[in-house]
Amino acid sequence: MAESTDATKSSSAAAAAAGTDAAVHIVYTERPQDEQPEAYHIRTLSKVLGSEEAAKEALIYSYKTAASGFSAKLTPQQVAEISKQPGVLQVVPSRTLQLHSGPGKLH
């Protein structure tokens, strides 16, 4: 999924604030019942980062359709803390996969 320039800038700011050991993680959550997904994701993240402002800066993307969750740049300590939050189902490192292209590639 494409990120906006603002999201990229926020991600860079969050990385600088979190330190060099921070990495992007996908945080899968329960689907909120009485709250907009992004507001729920920010509220969940702010419990670990200490403020709504820090959560908004760290939030890279909110997943709202096929899955409920968000991606954010987190340190290992923050991953451990957010994993314990109510409604958090799973936290996994984000991975970028490269498609193999070689002599036998399809056209």
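This is a short talk about one histidine, His25, and the strands around it.

A word first: the model is predicted.

Start with His25 in strand β1, which covers residues 23-29. Is this residue buried or exposed? Its relative accessible area is 11%. The cut-off for buried is under 20%, so His25 counts as buried.

What does His25 touch? Leaving aside residues up to four places away in sequence, the list is Phe70, Ser71, Ala72, Leu74, Val79, Val91, Val92, Pro93 and Ser94. The side chain of His25 also has a polar atom 2.9 Å from the backbone oxygen of Ala23.

Next, the strand partners. Strand β3 is made of residues 69-74. How many bridges join β1 to β3? There are six, and the two strands run antiparallel. To find this pairing in the structure, look at Tyr28, which stands opposite Gly69 in β3.

Strand β2, residues 59-63, also pairs with β3. Here four bridges join the strands, again in an antiparallel arrangement. Tyr61 is opposite Ser71 of β3, and Ser71 is also among the residues that His25 touches. Between β2 and β3 there are five residues, and the two strands form a hairpin.

How many of the six residues of β3 are buried? Five are, and therefore the strand is largely enclosed by the rest of the structure.

One general point to keep in mind when looking at strands: in a regular one, side chains alternate between the two faces of the sheet.

That is all I have.

Technical notes:
Residues are numbered from 1 along each chain as its sequence is written. This is a predicted model: local features need pLDDT of at least 70, side-chain atom pairs count only at pLDDT 80 or more; totals for chains, interfaces and linings use all residues. Side-chain values use heavy atoms; hydrogens and water are left out. Buried means under 20% relative accessible area, exposed over 50%, partly exposed in between (1.4 Å probe, protein chains only). A polar contact is a pair of N or O atoms within 3.5 Å; within protein, one must be able to donate a hydrogen and the other to accept it, and residues adjacent in sequence count only if both atoms are side-chain atoms. Contact means heavy atoms within 4.5 Å. Two strands pair if DSSP finds at least two bridges between them.
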